[in-house]
Amino acid sequence: MPSYVIAGASLAGAKAAETLRDEGFDGDIVLIGAEHERPYERPPLSKGYLLGSDQRDSVYVHADGWYAENGVDLREGTTVTAIDRGAHTVATSSGAQVSYDKLLLATGASPRRLNFPGSDREEVLYLRTVGDSDRLRSAFQPGTRVVVAGAGWIGLETTAAARSAECAVTVLEPQSGALTDQLGPELGAVFADLHRAHGVEFRFGEKAVEFRPGMVITSGSAEIPADLLVVGIGAAPNDHLAARAGLETGNGVLTDEALRTSDPDIFAAGDVANSFHPLLGRRVRVEHWANALNGGPAAARSMLGQAVSYDPVPYFYSDQYDLGMECAGLPSPGAYDQVLYRGDRDTLEFIAFWLSGGVVIAGMNVNVWDVNDDIQALIRAARPVDPARLTNPDIPLTDL
Ligand SMILES: Cc1cc2nc3c(=O)[nH]c(=O)nc-3n(C[C@H](O)[C@H](O)[C@H](O)COP(=O)(O)OP(=O)(O)OC[C@H]3O[C@@H](n4cnc5c(N)ncnc54)[C@H](O)[C@@H]3O)c2cc1C
């Protein structure tokens, strides 16, 4: 009986296990996860779950009994500590050696941590796990003074939740604007303005350098009153296990377009995978929910020997206050030379398009719905568009 082992029991790993069974695999599936929790989704942890509007049960990938019912040996609270590629076994923190015919690495990413005086204090909080979200939720009380390090997605979504709980929030960001790496300055400014309108103070060009009880010290020597410092300064791939086993790594576990690593029996998917993307023509590591949701299943099919060319348009969504958005493509600075709008940027109901050489490379619909598939089709088409037609809301995106 073949045995497929999955290291990392979160969205990518759980969806891979589901796909293996859906595709008729009837061998052993061992799903090994470091957390003491069955696989769950993280987006609610900085949104509905943190706000208290989503219940705990809504975050799980599968119902409680699903793993046993589908013959998936889920080992919670267990870390894969080593891979012996020659023997085709993994070692775990419980002392077990588990044999594999195929192995999937779905070990995800971990928050980058601050390291300065006071950064190990209990008032300095991170957000990756459901336990982290629980801690933040109980700490966010009316009047709590919160300093957020980092104006990226985690920092800003947490800021919105803290403001909803009537905390006072100051955001420190060493770059000159919010979400600069993710969206560029033009659209980053939309989010900074949104937060300012909700009473958030930004200090751009400054970072936290020390935490003292009741205070954060910034690189500009400002002393900001703070009961809590929430850290959202990015995440690093959990690729050490792969690197120690001699797999090719570099900003994640390197894979081809079929999500195969440099070892033909080992695959990688989700946040940890730095995969060759046929559409982009280069490797890319995508830390987005949709990439775990679809990458896990793609890796599972590849493990089963099916032909896989994994090339989704990167997709991301966010909710902050009354703003809901979906973004397709990778609009980082340097990737585009023009930004165009369809709809009204000021009333926060619009689509932004990032273009390079007249070709749409990314698009974000803000409080406009049912258009993201069309935006993805435009990106995939990769041909020049007429700017007047692109910005005209009367012309369907499908007619461009
Ligand atoms: C608070 C938060 C909000 C988010 N919101 C959004 C959003 O709105 N939209 C969006 O597109 N994306 C969002 N994301 C990103 C999205 O959640 C991730 O892309 C997704 O969780 C990646 O899933 P994964 O399965 O690849 O990895 P992870 O979710 O990181 O899971 C990896 C799992 O592997 C375990 N593990 C690691 N090493 C080992 C080991 N050696 N042995 C066993 N287990 C191991 C880890 O403990 C973890 O449980 C958010 C992320 C966070 C943290």
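**Burial, rings and ligand**

Ile-379 is buried, at a relative accessible area of 10%, where buried means under 20%, exposed over 50% and partly exposed in between, with a 1.4 Å probe and protein chains only. Ile-379 belongs to helix H10, residues 372-381; helices (H or I, at least four residues) and strands (E, at least two) are DSSP runs numbered from the N terminus.

The model is predicted, with local features requiring pLDDT of at least 70 and side-chain atom pairs pLDDT 80 or more, while totals for chains, interfaces and linings use all residues. Residues are numbered from 1 along each chain as its sequence is written, and side-chain values use heavy atoms, with hydrogens and water left out.

Next come the aromatic rings. A pair of aromatic rings is described by the distance of the centres and the angle of the planes. Here, rings of Phe, Tyr and Trp (its six-membered ring) pair if their centres lie within 6.5 Å; planes under 30 degrees apart count as stacked, over 60 as edge-to-face and the rest as tilted. A search of the whole structure gives seven aromatic pairs. One of them is the tilted pair of Trp-153 and Phe-316, with 4.7 Å between centres and 35° between planes. This pair links distant parts of the chain, as Trp-153 is in helix H5 (residues 153-164) and Phe-316 is in strand S22 (residues 315-320), 163 residues apart. Trp-153 is buried at 12% relative accessible area, and Phe-316 is buried at 14%. Why is the pair of Tyr-341 and Phe-350 edge-to-face? The ring planes stand at 70°, with the centres 5.9 Å apart, so the pair falls in that class. Phe-350 is buried, with a relative accessible area of 0%, whereas Tyr-341 counts as partly exposed at 22%. Ring pairs also join Trp-153, Phe-191 and Phe-316 into a cluster.

Two arginines sit over tyrosine rings. The criterion is NZ of Lys or CZ of Arg within 6 Å of the ring centre and within 35 degrees of the ring normal. The charged end of Arg-38 is 3.8 Å from the ring centre of Tyr-60, and Arg-137 lies over the face of Tyr-49 at 4.6 Å from the ring centre. Tyr-60 has a further partner: its side chain forms a polar contact of 2.4 Å with the side chain of Glu-37. A polar contact is a pair of N or O atoms within 3.5 Å; within protein, one must be able to donate a hydrogen and the other to accept it, and residues adjacent in sequence count only if both atoms are side-chain atoms. Glu-37 lies in the loop between strand S2 (28-32) and helix H2 (48-51) and is buried at 16% relative accessible area.

Finally, the ligand. It is surrounded by 33 residues, the closest being Glu-35, Arg-42, Lys-47, Arg-128 and Asp-271; a residue is near if one of its heavy atoms lies within 4 Å. This shell divides into 15 nonpolar, 11 polar and seven charged residues, where Ala, Val, Leu, Ile, Met, Phe, Trp, Tyr, Cys and Pro count as nonpolar, Asp, Glu, Lys and Arg as charged, and the others, Gly among them, as polar. An oxygen atom of the ligand lies 2.8 Å from an N or O atom in the side chain of Ser-10, and a backbone N or O atom of Tyr-317 lies 2.9 Å from a ligand oxygen atom.
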